[in-house]
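Hi,

Here is the structure I promised to pass on. Have a look at it first, then read my notes below.

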Amino acid sequence: QLGPAVVRPLTSPLCGVLDHESDPNCTTYAMRALYWSIPESAAATDAITNWLSDPTHQHLFGITDGDTLWPDLPNAAPLLAQYLRNPDLARDAAIGLGIIGTNAMETVPELVEVCDRGVAGPPLQLKYHTVYQQSSGEPFLMNRQAALEALGQIGDTSPAVLAAIERNLVDTNESIQSAALRSLAALHQPFVGRLADLLNTFTPRRSISFQKIIEWTGTLGTEGREALPWLRQFDTLAKVQKLPEGIHDNTGDFVIDPEYFRLSAMVAICRIEPEATRQYLPDLAAQIGRRWEPVEFLLNTNLPKSLVPDIVASLEPVLGDTNEVRAAIAGYVILGLEPEHKRALTTLRNATISDELYNRIIASKWLWQRTGETSAALSLCVEGLASSESFIGQEAAQVLEAMGQGARPDIPALQSTLWHKDRYVREYAGKALRKIAPEGMPPIY
(Lines give C-alpha, C1' and ligand atoms only; values in the text may rest on other atoms or scores of the structure.)
Protein backbone atom coordinates (compact mmCIF):
# COMPACT_ATOMS: atom_id res chain seq x y z
CA GLN A 1 0.00 0.00 0.00
CA LEU A 2 2.94 2.37 0.56
CA GLY A 3 3.99 2.18 -3.07
CA PRO A 4 7.39 1.90 -4.76
CA ALA A 5 9.05 4.86 -3.03
CA VAL A 6 8.94 2.98 0.29
CA VAL A 7 8.86 -0.63 -0.90
CA ARG A 8 11.81 -0.78 -3.31
CA PRO A 9 14.41 0.34 -0.74
CA LEU A 10 12.98 -2.33 1.60
CA THR A 11 13.28 -5.19 -0.89
CA SER A 12 15.86 -7.14 1.10
CA PRO A 13 13.91 -7.26 4.43
CA LEU A 14 10.70 -8.06 2.51
CA CYS A 15 12.45 -11.05 0.94
CA GLY A 16 13.39 -12.07 4.46
CA VAL A 17 9.73 -12.09 5.46
CA LEU A 18 8.97 -14.67 2.75
CA ASP A 19 11.99 -16.74 3.73
CA HIS A 20 11.35 -16.85 7.47
CA GLU A 21 7.76 -15.84 8.29
CA SER A 22 4.80 -18.25 8.33
CA ASP A 23 1.98 -15.85 9.26
CA PRO A 24 -0.11 -15.45 6.08
CA ASN A 25 -0.99 -11.87 7.01
CA CYS A 26 2.71 -11.02 6.84
CA THR A 27 3.59 -13.05 3.76
CA THR A 28 0.57 -11.77 1.82
CA TYR A 29 1.65 -8.16 2.13
CA ALA A 30 5.32 -8.98 1.60
CA MET A 31 4.50 -10.80 -1.63
CA ARG A 32 2.29 -7.99 -2.90
CA ALA A 33 4.88 -5.37 -1.98
CA LEU A 34 7.59 -7.18 -3.96
CA TYR A 35 5.55 -6.49 -7.08
CA TRP A 36 7.48 -3.23 -7.20
CA SER A 37 10.86 -5.00 -7.26
CA ILE A 38 10.24 -7.64 -9.94
CA PRO A 39 11.75 -8.34 -12.40
CA GLU A 40 14.56 -5.87 -11.61
CA SER A 41 15.60 -7.59 -8.39
CA ALA A 42 17.01 -11.12 -8.66
CA ALA A 43 16.70 -11.46 -4.89
CA ALA A 44 12.97 -10.67 -4.98
CA THR A 45 12.44 -13.08 -7.86
CA ASP A 46 14.27 -15.85 -6.01
CA ALA A 47 12.37 -15.20 -2.76
CA ILE A 48 8.98 -15.48 -4.43
CA THR A 49 10.02 -18.50 -6.50
CA ASN A 50 11.24 -20.31 -3.37
CA TRP A 51 8.07 -19.40 -1.49
CA LEU A 52 5.91 -20.77 -4.30
CA SER A 53 7.53 -24.19 -4.04
CA ASP A 54 5.17 -25.08 -1.17
CA PRO A 55 1.62 -25.43 -2.59
CA THR A 56 0.02 -25.69 0.84
CA HIS A 57 0.33 -21.92 1.32
CA GLN A 58 -2.89 -20.03 1.93
CA HIS A 59 -2.42 -17.36 -0.73
CA LEU A 60 -0.72 -16.32 -3.96
CA PHE A 61 -0.55 -12.65 -4.98
CA GLY A 62 -4.29 -12.21 -4.69
CA ILE A 63 -4.20 -8.98 -6.71
CA THR A 64 -4.49 -8.30 -10.42
CA ASP A 65 -1.19 -6.41 -10.55
CA GLY A 66 0.62 -9.34 -9.00
CA ASP A 67 -0.83 -11.72 -11.57
CA THR A 68 0.92 -9.77 -14.35
CA LEU A 69 4.28 -10.90 -12.92
CA TRP A 70 3.79 -14.61 -13.68
CA PRO A 71 5.47 -14.49 -17.12
CA ASP A 72 8.54 -12.87 -15.50
CA LEU A 73 9.02 -15.57 -12.87
CA PRO A 74 11.22 -18.56 -13.84
CA ASN A 75 9.50 -21.95 -13.67
CA ALA A 76 6.20 -20.27 -12.78
CA ALA A 77 4.11 -22.73 -14.79
CA PRO A 78 5.21 -25.93 -13.01
CA LEU A 79 5.09 -24.14 -9.66
CA LEU A 80 1.52 -22.96 -10.27
CA ALA A 81 0.52 -26.41 -11.50
CA GLN A 82 1.08 -27.68 -7.95
CA TYR A 83 -1.46 -25.15 -6.68
CA LEU A 84 -4.14 -26.65 -8.91
CA ARG A 85 -4.27 -29.37 -6.24
CA ASN A 86 -5.05 -26.73 -3.60
CA PRO A 87 -8.85 -26.27 -3.50
CA ASP A 88 -8.56 -22.73 -2.14
CA LEU A 89 -5.98 -21.53 -4.70
CA ALA A 90 -6.70 -23.51 -7.87
CA ARG A 91 -8.56 -20.51 -9.26
CA ASP A 92 -5.66 -18.11 -8.70
CA ALA A 93 -3.24 -20.66 -10.15
CA ALA A 94 -5.39 -21.17 -13.24
CA ILE A 95 -5.58 -17.40 -13.80
CA GLY A 96 -1.79 -17.24 -13.60
CA LEU A 97 -1.36 -20.10 -16.05
CA GLY A 98 -3.74 -18.41 -18.48
CA ILE A 99 -1.64 -15.25 -18.30
CA ILE A 100 1.51 -17.27 -18.99
CA GLY A 101 -0.25 -18.61 -22.08
CA THR A 102 1.42 -21.05 -24.46
CA ASN A 103 4.40 -21.46 -22.13
CA ALA A 104 2.03 -23.21 -19.71
CA MET A 105 1.17 -25.97 -22.19
CA GLU A 106 2.67 -28.62 -19.88
CA THR A 107 -0.03 -27.90 -17.27
CA VAL A 108 -2.99 -28.68 -19.55
CA PRO A 109 -3.71 -32.16 -18.09
CA GLU A 110 -4.06 -30.70 -14.59
CA LEU A 111 -6.24 -27.86 -15.88
CA VAL A 112 -8.53 -30.38 -17.56
CA GLU A 113 -8.94 -32.09 -14.19
CA VAL A 114 -9.87 -28.78 -12.58
CA CYS A 115 -12.42 -28.10 -15.33
CA ASP A 116 -14.24 -31.30 -14.44
CA ARG A 117 -13.70 -31.64 -10.69
CA GLY A 118 -12.80 -28.18 -9.40
CA VAL A 119 -9.37 -29.35 -8.23
CA ALA A 120 -6.54 -31.46 -9.65
CA GLY A 121 -5.70 -34.73 -7.98
CA PRO A 122 -4.71 -35.85 -5.60
CA PRO A 123 -6.10 -32.82 -3.71
CA LEU A 124 -3.86 -31.43 -1.00
CA GLN A 125 -4.89 -31.95 2.60
CA LEU A 126 -4.86 -28.42 3.99
CA LYS A 127 -4.65 -27.38 7.60
CA TYR A 128 -6.81 -24.30 6.93
CA HIS A 129 -9.65 -23.77 4.45
CA THR A 130 -11.39 -20.71 3.10
CA VAL A 131 -15.06 -20.80 4.10
CA TYR A 132 -17.72 -19.91 1.49
CA GLN A 133 -21.46 -19.56 1.70
CA GLN A 134 -23.03 -22.94 1.09
CA SER A 135 -25.22 -21.66 -1.76
CA SER A 136 -22.25 -20.44 -3.78
CA GLY A 137 -20.79 -23.90 -4.33
CA GLU A 138 -17.33 -22.43 -4.02
CA PRO A 139 -14.44 -22.79 -4.37
CA PHE A 140 -15.03 -25.39 -7.07
CA LEU A 141 -17.20 -23.29 -9.38
CA MET A 142 -14.68 -20.47 -9.52
CA ASN A 143 -11.85 -22.96 -9.98
CA ARG A 144 -13.61 -24.63 -12.91
CA GLN A 145 -14.42 -21.33 -14.60
CA ALA A 146 -10.84 -20.12 -14.31
CA ALA A 147 -9.47 -23.42 -15.63
CA LEU A 148 -11.75 -23.28 -18.66
CA GLU A 149 -10.68 -19.70 -19.38
CA ALA A 150 -7.02 -20.72 -19.00
CA LEU A 151 -7.37 -23.50 -21.55
CA GLY A 152 -8.62 -20.96 -24.07
CA GLN A 153 -5.67 -18.65 -23.36
CA ILE A 154 -3.05 -21.41 -23.53
CA GLY A 155 -4.26 -22.47 -26.96
CA ASP A 156 -4.15 -26.26 -26.79
CA THR A 157 -6.71 -27.76 -29.19
CA SER A 158 -5.96 -31.40 -28.40
CA PRO A 159 -8.85 -33.89 -28.28
CA ALA A 160 -8.61 -34.04 -24.48
CA VAL A 161 -9.06 -30.27 -24.16
CA LEU A 162 -11.91 -30.04 -26.63
CA ALA A 163 -13.66 -32.99 -24.96
CA ALA A 164 -13.39 -31.27 -21.58
CA ILE A 165 -14.90 -28.09 -22.97
CA GLU A 166 -17.73 -30.03 -24.59
CA ARG A 167 -18.53 -31.69 -21.26
CA ASN A 168 -18.73 -28.32 -19.56
CA LEU A 169 -20.91 -26.83 -22.30
CA VAL A 170 -23.74 -29.04 -21.08
CA ASP A 171 -23.16 -28.40 -17.39
CA THR A 172 -26.19 -27.47 -15.33
CA ASN A 173 -24.47 -24.29 -14.08
CA GLU A 174 -24.68 -21.35 -16.47
CA SER A 175 -21.44 -19.76 -15.31
CA ILE A 176 -19.62 -22.98 -16.25
CA GLN A 177 -21.43 -23.16 -19.59
CA SER A 178 -20.50 -19.55 -20.31
CA ALA A 179 -16.83 -20.14 -19.46
CA ALA A 180 -16.77 -23.19 -21.73
CA LEU A 181 -18.31 -21.19 -24.55
CA ARG A 182 -15.69 -18.43 -24.20
CA SER A 183 -12.92 -21.00 -24.12
CA LEU A 184 -14.16 -22.67 -27.29
CA ALA A 185 -14.23 -19.30 -29.06
CA ALA A 186 -10.74 -18.40 -27.81
CA LEU A 187 -9.48 -21.63 -29.39
CA HIS A 188 -11.09 -20.55 -32.69
CA GLN A 189 -13.29 -23.61 -32.88
CA PRO A 190 -16.21 -23.32 -35.34
CA PHE A 191 -19.71 -22.61 -34.07
CA VAL A 192 -21.47 -23.05 -37.39
CA GLY A 193 -24.76 -24.85 -36.99
CA ARG A 194 -24.68 -24.91 -33.19
CA LEU A 195 -24.27 -21.36 -31.88
CA ALA A 196 -28.00 -20.63 -31.67
CA ASP A 197 -28.65 -23.91 -29.87
CA LEU A 198 -25.87 -23.19 -27.38
CA LEU A 199 -27.17 -19.70 -26.66
CA ASN A 200 -30.70 -21.03 -26.20
CA THR A 201 -29.51 -23.14 -23.27
CA PHE A 202 -29.18 -19.93 -21.21
CA THR A 203 -32.25 -18.61 -19.40
CA PRO A 204 -33.16 -15.11 -20.71
CA ARG A 205 -33.43 -12.59 -17.90
CA ARG A 206 -32.61 -8.95 -17.32
CA SER A 207 -29.44 -9.50 -15.36
CA ILE A 208 -25.74 -8.76 -15.49
CA SER A 209 -24.72 -12.37 -16.13
CA PHE A 210 -27.07 -12.73 -19.07
CA GLN A 211 -26.04 -9.34 -20.40
CA LYS A 212 -22.41 -10.50 -20.41
CA ILE A 213 -23.41 -13.44 -22.60
CA ILE A 214 -24.99 -10.99 -25.03
CA GLU A 215 -21.88 -8.79 -25.04
CA TRP A 216 -19.62 -11.79 -25.58
CA THR A 217 -21.73 -12.91 -28.53
CA GLY A 218 -21.00 -9.57 -30.18
CA THR A 219 -17.25 -10.18 -29.89
CA LEU A 220 -17.60 -13.06 -32.35
CA GLY A 221 -18.00 -10.52 -35.15
CA THR A 222 -19.14 -11.92 -38.48
CA GLU A 223 -18.65 -15.45 -37.17
CA GLY A 224 -21.63 -14.85 -34.91
CA ARG A 225 -24.18 -14.23 -37.69
CA GLU A 226 -26.11 -17.33 -36.68
CA ALA A 227 -26.87 -15.57 -33.38
CA LEU A 228 -28.58 -12.54 -34.95
CA PRO A 229 -32.17 -13.83 -34.58
CA TRP A 230 -31.41 -14.69 -30.95
CA LEU A 231 -30.00 -11.21 -30.28
CA ARG A 232 -32.93 -9.47 -31.94
CA GLN A 233 -35.16 -10.82 -29.18
CA PHE A 234 -33.65 -8.09 -27.02
CA ASP A 235 -33.31 -5.05 -29.32
CA THR A 236 -36.47 -3.16 -28.32
CA LEU A 237 -37.51 -1.81 -24.97
CA ALA A 238 -40.89 -3.58 -25.15
CA LYS A 239 -39.21 -6.95 -25.61
CA VAL A 240 -36.71 -6.37 -22.82
CA GLN A 241 -39.35 -5.21 -20.36
CA LYS A 242 -41.12 -8.55 -20.79
CA LEU A 243 -38.05 -10.42 -19.54
CA PRO A 244 -38.17 -11.66 -15.95
CA GLU A 245 -36.21 -9.58 -13.49
CA GLY A 246 -35.43 -12.57 -11.32
CA ILE A 247 -31.92 -13.92 -11.09
CA HIS A 248 -30.92 -17.44 -11.97
CA ASP A 249 -30.44 -19.71 -8.97
CA ASN A 250 -26.85 -20.69 -9.67
CA THR A 251 -25.29 -17.52 -11.05
CA GLY A 252 -25.61 -14.90 -8.30
CA ASP A 253 -26.16 -12.02 -10.72
CA PHE A 254 -28.09 -8.76 -10.44
CA VAL A 255 -30.97 -7.07 -12.21
CA ILE A 256 -30.05 -4.20 -14.57
CA ASP A 257 -31.86 -1.33 -16.26
CA PRO A 258 -33.88 -2.32 -19.37
CA GLU A 259 -32.37 0.42 -21.54
CA TYR A 260 -28.84 -0.62 -20.63
CA PHE A 261 -29.69 -4.25 -21.37
CA ARG A 262 -31.18 -3.32 -24.74
CA LEU A 263 -28.10 -1.25 -25.61
CA SER A 264 -25.89 -4.32 -25.14
CA ALA A 265 -28.02 -6.25 -27.62
CA MET A 266 -27.91 -3.45 -30.20
CA VAL A 267 -24.15 -3.10 -29.97
CA ALA A 268 -23.71 -6.88 -30.26
CA ILE A 269 -25.88 -6.94 -33.38
CA CYS A 270 -23.88 -4.11 -34.95
CA ARG A 271 -20.58 -5.84 -34.19
CA ILE A 272 -21.77 -8.93 -36.01
CA GLU A 273 -23.57 -7.13 -38.84
CA PRO A 274 -22.04 -3.64 -39.25
CA GLU A 275 -24.65 -2.57 -41.82
CA ALA A 276 -27.25 -2.82 -39.05
CA THR A 277 -25.57 0.22 -37.49
CA ARG A 278 -27.71 2.54 -39.64
CA GLN A 279 -30.86 1.11 -38.10
CA TYR A 280 -29.61 1.68 -34.55
CA LEU A 281 -27.70 4.95 -34.99
CA PRO A 282 -30.31 7.18 -33.29
CA ASP A 283 -30.29 4.92 -30.24
CA LEU A 284 -26.50 4.70 -30.15
CA ALA A 285 -26.08 8.48 -30.51
CA ALA A 286 -28.60 9.08 -27.71
CA GLN A 287 -26.42 7.06 -25.34
CA ILE A 288 -23.24 9.07 -26.02
CA GLY A 289 -22.09 10.48 -22.68
CA ARG A 290 -24.30 8.08 -20.77
CA ARG A 291 -22.78 4.70 -21.64
CA TRP A 292 -19.32 3.90 -23.01
CA GLU A 293 -20.33 0.83 -25.06
CA PRO A 294 -21.62 2.77 -28.11
CA VAL A 295 -18.52 4.96 -28.05
CA GLU A 296 -16.27 1.93 -28.02
CA PHE A 297 -18.20 0.43 -30.93
CA LEU A 298 -18.20 3.60 -33.04
CA LEU A 299 -14.43 3.89 -32.56
CA ASN A 300 -14.07 0.53 -34.31
CA THR A 301 -11.67 1.12 -37.19
CA ASN A 302 -13.05 -1.90 -39.05
CA LEU A 303 -16.44 -0.30 -39.70
CA PRO A 304 -17.30 -0.03 -43.39
CA LYS A 305 -16.26 3.36 -44.83
CA SER A 306 -19.76 3.71 -46.25
CA LEU A 307 -21.07 4.13 -42.70
CA VAL A 308 -18.83 7.08 -41.82
CA PRO A 309 -21.01 9.90 -43.25
CA ASP A 310 -24.09 8.56 -41.46
CA ILE A 311 -22.27 8.18 -38.14
CA VAL A 312 -20.75 11.65 -38.35
CA ALA A 313 -24.11 13.18 -39.25
CA SER A 314 -25.79 11.49 -36.28
CA LEU A 315 -23.14 12.82 -33.87
CA GLU A 316 -22.76 16.39 -35.17
CA PRO A 317 -25.83 17.65 -33.23
CA VAL A 318 -24.23 16.34 -30.02
CA LEU A 319 -21.26 18.71 -30.55
CA GLY A 320 -23.54 21.53 -29.45
CA ASP A 321 -24.84 19.75 -26.36
CA THR A 322 -24.82 21.83 -23.18
CA ASN A 323 -23.25 18.84 -21.43
CA GLU A 324 -19.60 19.45 -22.28
CA VAL A 325 -18.64 15.84 -21.64
CA ARG A 326 -21.16 14.58 -24.20
CA ALA A 327 -19.95 17.17 -26.69
CA ALA A 328 -16.31 16.20 -26.14
CA ILE A 329 -17.05 12.51 -26.58
CA ALA A 330 -18.86 13.24 -29.83
CA GLY A 331 -15.87 15.25 -31.02
CA TYR A 332 -13.52 12.43 -30.07
CA VAL A 333 -15.54 9.85 -32.01
CA ILE A 334 -16.01 12.08 -35.07
CA LEU A 335 -12.28 12.85 -35.29
CA GLY A 336 -11.57 9.14 -35.24
CA LEU A 337 -13.70 8.80 -38.36
CA GLU A 338 -13.07 12.18 -40.02
CA PRO A 339 -9.74 13.62 -38.77
CA GLU A 340 -10.18 16.99 -40.51
CA HIS A 341 -13.57 17.77 -38.99
CA LYS A 342 -13.00 21.34 -37.78
CA ARG A 343 -16.00 21.70 -35.50
CA ALA A 344 -15.21 18.43 -33.72
CA LEU A 345 -11.60 19.54 -33.22
CA THR A 346 -12.69 22.92 -31.83
CA THR A 347 -15.15 21.22 -29.47
CA LEU A 348 -12.50 18.86 -28.15
CA ARG A 349 -9.95 21.66 -27.67
CA ASN A 350 -12.53 23.75 -25.82
CA ALA A 351 -13.19 20.83 -23.50
CA THR A 352 -9.58 21.00 -22.27
CA ILE A 353 -9.97 24.56 -20.97
CA SER A 354 -13.41 24.45 -19.35
CA ASP A 355 -15.43 22.27 -17.00
CA GLU A 356 -13.98 20.34 -14.06
CA LEU A 357 -10.33 19.28 -13.89
CA TYR A 358 -11.12 15.57 -14.19
CA ASN A 359 -13.08 16.12 -17.41
CA ARG A 360 -10.38 18.41 -18.79
CA ILE A 361 -7.74 15.74 -18.21
CA ILE A 362 -9.81 13.17 -20.09
CA ALA A 363 -10.45 15.60 -22.94
CA SER A 364 -6.71 16.32 -23.17
CA LYS A 365 -6.06 12.59 -23.49
CA TRP A 366 -8.53 12.36 -26.34
CA LEU A 367 -6.98 15.41 -28.00
CA TRP A 368 -3.55 13.77 -27.78
CA GLN A 369 -4.91 10.53 -29.23
CA ARG A 370 -6.52 12.32 -32.15
CA THR A 371 -3.90 14.95 -32.97
CA GLY A 372 -0.69 14.04 -31.17
CA GLU A 373 -0.82 17.32 -29.24
CA THR A 374 0.71 16.84 -25.79
CA SER A 375 0.89 20.31 -24.21
CA ALA A 376 -2.63 20.32 -22.76
CA ALA A 377 -2.32 16.79 -21.38
CA LEU A 378 1.10 17.40 -19.84
CA SER A 379 0.08 20.54 -17.99
CA LEU A 380 -3.30 19.23 -16.86
CA CYS A 381 -1.82 15.95 -15.64
CA VAL A 382 0.69 17.81 -13.46
CA GLU A 383 -2.24 19.67 -11.95
CA GLY A 384 -4.15 16.41 -11.55
CA LEU A 385 -1.29 14.61 -9.82
CA ALA A 386 -1.20 17.38 -7.22
CA SER A 387 -4.94 17.14 -6.57
CA SER A 388 -6.16 15.91 -3.21
CA GLU A 389 -8.93 14.00 -4.98
CA SER A 390 -7.91 10.38 -5.51
CA PHE A 391 -9.87 9.80 -8.72
CA ILE A 392 -8.30 12.86 -10.36
CA GLY A 393 -4.77 11.81 -9.47
CA GLN A 394 -5.40 8.25 -10.66
CA GLU A 395 -6.71 9.47 -14.01
CA ALA A 396 -3.76 11.85 -14.50
CA ALA A 397 -1.25 9.05 -13.86
CA GLN A 398 -3.06 6.68 -16.22
CA VAL A 399 -3.08 9.29 -18.98
CA LEU A 400 0.66 9.77 -18.63
CA GLU A 401 1.21 6.02 -18.69
CA ALA A 402 -0.78 5.80 -21.92
CA MET A 403 1.29 8.61 -23.44
CA GLY A 404 4.49 6.67 -22.85
CA GLN A 405 7.64 8.48 -23.94
CA GLY A 406 5.57 11.53 -24.82
CA ALA A 407 5.04 12.03 -21.09
CA ARG A 408 8.73 12.31 -20.19
CA PRO A 409 8.46 16.04 -19.37
CA ASP A 410 6.22 15.03 -16.44
CA ILE A 411 8.74 12.59 -14.92
CA PRO A 412 9.56 14.93 -11.98
CA ALA A 413 5.85 15.28 -11.19
CA LEU A 414 5.43 11.49 -11.23
CA GLN A 415 8.41 11.04 -8.94
CA SER A 416 6.94 13.50 -6.46
CA THR A 417 3.58 11.74 -6.64
CA LEU A 418 5.14 8.52 -5.37
CA TRP A 419 4.72 10.20 -1.96
CA HIS A 420 1.09 11.23 -2.50
CA LYS A 421 -1.16 10.74 0.53
CA ASP A 422 -3.50 8.45 -1.44
CA ARG A 423 -2.32 4.87 -1.98
CA TYR A 424 -4.05 4.46 -5.34
CA VAL A 425 -2.54 7.64 -6.74
CA ARG A 426 0.88 6.45 -5.55
CA GLU A 427 0.39 3.09 -7.24
CA TYR A 428 -0.76 4.51 -10.58
CA ALA A 429 2.07 7.03 -10.54
CA GLY A 430 4.50 4.19 -9.92
CA LYS A 431 3.15 2.19 -12.86
CA ALA A 432 3.37 5.22 -15.14
CA LEU A 433 6.94 6.03 -14.07
CA ARG A 434 8.00 2.41 -14.45
CA LYS A 435 6.80 2.42 -18.07
CA ILE A 436 8.01 5.88 -19.05
CA ALA A 437 11.33 6.07 -17.20
CA PRO A 438 12.26 2.89 -15.31
CA GLU A 439 15.62 4.49 -14.58
CA GLY A 440 13.78 7.10 -12.53
CA MET A 441 12.23 4.59 -10.13
CA PRO A 442 13.46 4.54 -6.50
CA PRO A 443 16.53 2.35 -5.88
CA ILE A 444 16.26 -1.27 -4.78
CA TYR A 445 18.18 -2.39 -1.70
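In helix α7, the buried residues are A90, A93, A94, G96, L97, G98 and I100. "Buried" here means under 20% relative accessible area, while exposed means over 50% and partly exposed is in between (1.4 Å probe, protein chains only). Helices (H or I, at least four residues) and strands (E, at least two) are DSSP runs, numbered from the N terminus. Before we go on: this is a predicted model, where local features need pLDDT of at least 70 and side-chain atom pairs count only at pLDDT 80 or more, while totals for chains, interfaces and linings use all residues. Residues are numbered from 1 along each chain as its sequence is written, and side-chain values use heavy atoms, with hydrogens and water left out.

Back to α7. What do its buried residues pack against? They pack against α6 (76-83), α8 (108-117) and α9; contact means heavy atoms within 4.5 Å. Helix α7 (residues 90-100) and helix α9 (residues 140-154) have their axes 8 Å apart, at an angle of about 10°. Axes are lines fitted to C-alpha atoms, for helices over the stretch in contact, and angles run from 0 to 180 degrees between N-to-C directions. The two helices are therefore roughly parallel to each other (under 35 degrees; over 145 is roughly antiparallel, 65 to 115 roughly perpendicular and the rest oblique). On the α7 side the contact includes A90, R91 and A94, and on the α9 side M142, N143 and A146 are among the residues involved. Just after α7, G101 takes a positive phi of about 75°.

R91 also has a salt bridge with D92, at 3.5 Å from N to O. A salt bridge is a side-chain nitrogen of Lys or Arg within 4 Å of a carboxyl oxygen of Asp or Glu. R91 is partly exposed, with a relative accessible area of 32%.

Which parts of the chain does the D65 and K431 pair link? D65 is in helix α5 (residues 64-67) and K431 in helix α26 (residues 423-436), 366 residues apart. Their side chains meet at 2.9 Å, N to O. D65 is partly exposed at 23% relative accessibility, whereas K431 is buried at 16%. K431 also lies over the face of Y428, at 4.9 Å from the ring centre. A charge sits over a ring if NZ of Lys or CZ of Arg is within 6 Å of the ring centre and within 35 degrees of the ring normal.

Another salt bridge joins K365 and E395 (3.8 Å, N to O). K365 is in helix α22 and E395 in helix α24 (residues 390-403), 30 residues apart. E395 is buried, with a relative accessible area of 12%. There is also a network: salt bridges that share partners join R8, E40 and R434. R434 lies over the face of Y35 too, 5.2 Å from the ring centre.

Now the rings. A search of the whole structure finds 11 aromatic pairs. Rings of Phe, Tyr and Trp (its six-membered ring) pair if their centres lie within 6.5 Å; planes under 30 degrees apart count as stacked, over 60 as edge-to-face and the rest as tilted. Y35 and W36 are edge-to-face, at 4.9 Å centre to centre and 75° between the planes. Y35 is buried at 9% relative accessibility, and W36 is buried at 6%.

Why does the pair of W292 and W366 count as stacked? Their ring centres are 6.1 Å apart and their planes are at 15°, so the pair is stacked. W292 lies in the loop between α17 (277-286) and α18 (293-298) and W366 in helix α22 (residues 357-371), so the pair ties together parts that are 74 residues apart in sequence. Is W292 buried or partly exposed? W292 is partly exposed, at 38%, while W366 is buried, at 7%. Elsewhere, F210, W230, F234 and F261 form one aromatic cluster.

- I38 and P39 are joined by a cis peptide bond, with omega about 15°; P39 is in the loop between α3 (24-33) and α4 (42-52).
- G121 and P122 are joined by a cis peptide bond, with omega about -10°; P122 is in the loop between α8 and α9.
- N75 has a positive phi of about 60° although it is not a glycine, and N75 is exposed, at 55%.

Cheers
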